[in-house]
Amino acid sequence: MNRNNPPIPVPLLMLVGIVAISFSSIFIKWSAAPVSVQGMYRLLFTSLLILPFARPYSGAAAALRLKDWLLLFASGTMLAFHFLLWMGSLTFTSVASSTMIMALQPVFIMVGAYIWYKEKTAGSAILGMGIAILGVVFIGWGDVGLSADHLKGDLLSIGGTVAVAIHMLIGQKLVVRMPSFLYSLMVFFSAVIVFAVYNLAAGIPFFNYPAREWGIFVLLAVVPTVFGHILFNWLLQYVSATTVSMNILGEPVGASLLAFLLLGEQLKALQWAGGLLVLFGLAVYVFAGRRIHNDFIDKGVTTNE
C-alpha cells in the first residue's frame with residue numbers, strides 16, 4: 001500500500017465512488033432500451049475509455065495460454081449474464097430490493113470459494129451470512145405482497161448475484177497469472193461479444209435509439225464504472241481492501257435514497273426490515289470474514305454494477 005496520500009482526501013473519494021455506483025440503478029430505470037443493449041454499450045464504452053492505457057500490457061497478453069483465453073471468455077460470459085439478469089430485475093422490482101439482494105455477492109463468493117477452492121471462513125462470518133439471507137427472505141416476502149412481478153425481479157437479482165460470484169471466482173484464478181487491468185479489459189470485451197451475439201439472436205437492434213438513450217449508455221460507462229469501480233480499484237494503493245470493500249454496504253443505501261428522490265419509489269415495512277437485516281448481516285460478514293473478502297479485492301477482482 002502506498003504510504004502517501006492521494007491529492008484528494010480519501011473520505012471524499014470514497015463518497016464520490018459510493019454515489020457514482022448508486023446511480024447505476026437510476027440510469028437503468030431511466031432508459032427505455034433493452035437491458036442487453038444497455039449492458040453491451042456500457043461495457044463497450046468503458047473498454048474504449050481504458051483501452052489507450054493497455055499498451056504496457058501487450059506482452060502479458062501475448063503470453064496467455066489457450067486455457068487462459070477460455071477462462072477469460074467464461075468470466076466475461078458470467079459478467080454478461082450478471083448484467084442481463086440484474087439489470088432485468090429492475091424492470092420488475094424496486095431499486096432498493098434489487099440492490100439489497102445484489103449486496104449479497106460476498107456470501108455467494110464465500111460459498112463458491114468453499115466448494116471450488118476449499119477456502120474456509122470464521123463461524124461469525126457464517127452467522128452474518130445467515131442474517132443477510134434472512135433479510136433477503138423478508139424482502140421477498142414484502143415483494144410478494146406487492147405483486148408477482150416484484151418477486152420475479154427479486155429472483156432475477158439473485159440469479160445476477162450468482163452469476164457475478166462465478167465471474168469473480170474465475171477471476172481469482174486468472175489474476176494470479178496476469179495484470180488485473182488486462183483481466184478487466186479482456187473480460188469486458190468478452191462480455192460485449194456475448195451481448196452482441198445475444199442481441200443478434202434475439203433480433204434486438206444495435207443502433208435504432210434516440211440521443212437520450214446514447215447519453216444514458218455513456219453515463220453508465222462513465223459514472224458507476226469509471227468513477228465508481230475503477231476509482232475503488234485505484235484507491236487500493238492508499239487504503240486497505242477492507243475499507244474499500246465497505247462500499248458494498250453504501251450502494252444499496254445510496255441507490256434506495258436516489259430511487260426515493262428521483263423515481264418516487266416507496267418501501268413497505270417488511271422491505272425496510274429485510275434491508276436492515278441484509279446490511280447488518282453483511283457488516284458482520286465483512287468484519288468477521290474479511291480475510292476471504294480481501295483475497296478477492298486485493299487481486300483486483302471487483303463487481304461492475
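This dialogue covers the salt bridges and nonpolar cores of a predicted model.

Biologist: What should I know about the numbering and the model before reading its features?

Modeller: Residues are numbered from 1 along each chain as its sequence is written. The model is predicted, so local features need pLDDT of at least 70 and side-chain atom pairs count only at pLDDT 80 or more, while totals for chains, interfaces and linings use all residues; side-chain values use heavy atoms, without hydrogens and water.

Biologist: How many salt bridges are there?

Modeller: Side chains of opposite charge can pair when their charged atoms come close. A salt bridge here is a side-chain nitrogen of Lys or Arg within 4 Å of a carboxyl oxygen of Asp or Glu. That rule gives 4 salt bridges.

Biologist: Which residue forms a salt bridge with Lys29?

Modeller: Glu265 does, with the closest N and O atoms 3.4 Å apart. Lys29 sits in helix H1 (residues 10–30), and Glu265 in the loop between helix H12 (247–263) and helix H13 (269–288), so the pair links parts of the chain 236 residues apart. Helices are DSSP runs (H or I, at least four residues), numbered from the N terminus.

Biologist: Is Glu265 buried or exposed?

Modeller: Buried means under 20% relative accessible area, exposed over 50%, and partly exposed in between (1.4 Å probe, protein chains only). Glu265 is buried at 18%, whereas Lys29 is partly exposed at 29%.

Biologist: Which residues are linked in a network of salt bridges?

Modeller: Arg65, Asp68 and Arg177 form that network. Asp68 meets Arg65 at 3.5 Å, N to O, and meets Arg177 at 2.6 Å. Because Asp68 lies in helix H4 (residues 66–89) and Arg177 in the loop between helix H8 (148–174) and helix H9 (180–202), their pair ties together parts 109 residues apart in sequence. Asp68 is buried, at 3% relative accessibility. Arg65 is partly exposed at 45%, and Arg177 is partly exposed at 38%.

Biologist: Which residues touch the most other members of the largest nonpolar core?

Modeller: In soluble globular proteins, nonpolar side chains tend to be buried together. A nonpolar core is a set of buried Ala, Val, Leu, Ile, Met, Phe, Trp, Tyr and Cys residues joined through side-chain atoms within 4.5 Å. The largest has 54 residues, and Leu43, Leu72, Leu79, Met178 and Tyr183 touch the most other members. H9 gives the most to this core, 11 residues. A second, separate core has 7 residues, among them Leu13, Met14, Ile21 and Leu235.

Technical notes
Helix = DSSP H or I, 4+ residues; strand = E, 2+ residues; numbered from the N terminus.
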